[in-house]
Amino acid sequence: MSKLLALVTLLAFLAGHVAAQQEGPYVCFNGWLRLPTLNPQLCRSRPRIQPRRLNPRGEGLSYGYYNNNSTYCPSAERIIKDAVTKAVTAYPGIGAGLIRLFFHDCFVRGCDASVLLTTTATGNRDVEREGPPNKDSLRGFEVIDEAKAAIEKACPGVVSCADVVAYAARDASSVLSNGRINIRMAGGRLDGRESFANETDQLPGPFSNLTQLEESFYNQGLSSDEMVTLSGAHTIGRGRCNLFSDRFGDMDPALAAKLRAQCSDSNNFVNQDDVTPNALDKQYYRNVIDKKVLFNSDAVLSSVAEVTENANSATIWERKFEQAMENMGKIGVKTRATGDQDVEIRRVCSRVN
Ligand code: HEM
């Protein structure tokens, strides 16, 4: 009799559990919902509003970090700059990739190079790189690997992959802006040892509305102003047709016609900025006003006053972009000062030591 009771209790528990999972409010790659690669396995329920991070302070980071005695590798920043300059000069799209890599690293588990891992401390292979926003989309990994390999030769075990990603984004910004954008990027990040594809749902998506965009930045401790400023990075690089082809009717007609032709295959990529595709400049804001942007997440910014301000003054936007990139580089950092446990300086950026 008691066994029967236990069985009934167990069945009731399991039934309730399954129902809760099915009914729960799913925040499943918000803004990325229409991605064809969406894997239901990645679609776990999580709370809609995550606790807000404090304004990122970057405790333990400092400028010229690798010029210090205990973390001495004075050639590190030059090695990265040389590798980035060579790659971006040959192919500007890689510079766009490096800037986005930094954003996608920092928004998921903080700037800890978790975006670079292909396998983790627990042997997980369903890593951030496999998440819908990243898979078949992120690029620039080989530049990070090349720079890191050269640094390891010069000073083994000193420079983190997270810092290589941050410096590479800084240097790509400088090259693509023709020296107009100079980010003061501090160093001292340590590398994480875990990475999960489902956590990439913290990244805003191309179908996001203004509230969702503001919320995702707010959750990282960044302001709405910084969200608008950083979105200016969509003045370089590329976007995939299936992420905006429902919007042709809302675009400037001449651009829409051109994009329609370029999008004969929905997997094709097109330039984000049709006017100055490879220049990190304020053109993005003019494009928002002129309905010449690709994504819904770009178009919804047209109601924001700062867009007009940025469209009218290169200097205003450039200084704000430098500051916002520096702030983004402070999100959730693990440093020698923060006492995080599961950290290291990876020897090879794609795998834990
Ligand atoms: C505000 C929310 C944002 C959304 C919804 C968003 C979304 C996207 C999407 C959908 C793409 C195209 C990906 C593809 O088709 O493969 C893209 C590309 C890009 N994004 Fe964002 N993004 C946002 C913010 C940012 C920020 C903050 C940065 C950096 C500061 C950034 C930098 C870039 C760059 C440079 C590219 C081009 C990448 C390449 O050509 O490889 N984005 N973004």
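**Note on the ligand site and some loop residues**

1. G339 sits in the loop between α12 and β4 (343-344). Helices here are DSSP runs of H or I with at least four residues, strands are runs of E with at least two, and both are numbered from the N terminus. G339 counts as partly exposed because its relative accessibility is 46%. On this scale, buried means under 20% relative accessible area, exposed means over 50%, and partly exposed lies in between (1.4 Å probe, protein chains only). G339 and G60 are 279 residues apart in sequence, yet 9.9 Å apart in space, C-alpha to C-alpha.

2. A word on the source: this is a predicted model, where local features need pLDDT of at least 70, side-chain atom pairs count only at pLDDT 80 or more, and totals for chains, interfaces and linings use all residues. Residues are numbered from 1 along each chain as its sequence is written, and side-chain values use heavy atoms, with hydrogens and water left out.

3. Now the ligand. Its shell holds 29 residues, and the closest are S137, R139, H234, R238 and R240. A residue is near a molecule if one of its heavy atoms lies within 4 Å of it. By class, the shell has 16 nonpolar, nine polar and four charged residues. Here Ala, Val, Leu, Ile, Met, Phe, Trp, Tyr, Cys and Pro are nonpolar, Asp, Glu, Lys and Arg are charged, and the others, Gly among them, are polar.

4. Which element gives the most to the shell around the ligand? The answer is α3, with five residues. At least two residues each come from α3 (92-106), α6 (210-218), α7 (224-231), β2 (238-240) and α12 (314-328). Domain 1 (65-208) and domain 2 (229-325) each supply at least three shell residues. These bounds come from an automatic or database domain assignment.

5. H234 deserves a look. H234 lies in the loop between α7 and β2. Its NE2 atom is the single protein donor to the ligand's iron atom, 2.1 Å away. Donors are N, O and S atoms within 2.8 Å of the metal (3.2 Å for Na, K and Ca); water is not among the atoms, so sites may look incomplete. An N or O atom in the H234 side chain is also 2.9 Å from a nitrogen atom of the ligand.

6. A polar backbone atom of R238 is 2.9 Å from an oxygen atom of the ligand. For R240, a backbone N or O atom lies 2.7 Å from a ligand oxygen atom.

7. UniProt, in an unreviewed entry, lists T235, D273, T276 and D281 under "binding site". They are spread over 47 residues of sequence but cluster in space, with a largest C-alpha distance of 10.1 Å. D273 lies in the loop between β3 (269-271) and α9 (283-289). D273 counts as buried because its relative accessibility is 0%.

8. The unreviewed UniProt entry also lists P204 as "binding site". Such annotations may be inferred rather than shown by experiment; positions follow the numbering used here, and feature names are shortened. P204 lies in the loop between β1 (191-192) and α6. P204 is buried, at 14% relative accessibility.

9. Check two backbone angles. A113 is not a glycine, yet has a positive phi of about 60°. D136, also a residue other than glycine, has a positive phi near 55°. A113 lies in the loop between α3 and α4 (141-154), and D136 lies in the loop between α3 and α4. Buried or exposed? A113 is buried, with a relative accessible area of 0%, whereas D136 is exposed at 56%.

Note on methods
A polar contact is a pair of N or O atoms within 3.5 Å; within protein, one must be able to donate a hydrogen and the other to accept it, and residues adjacent in sequence count only if both atoms are side-chain atoms.
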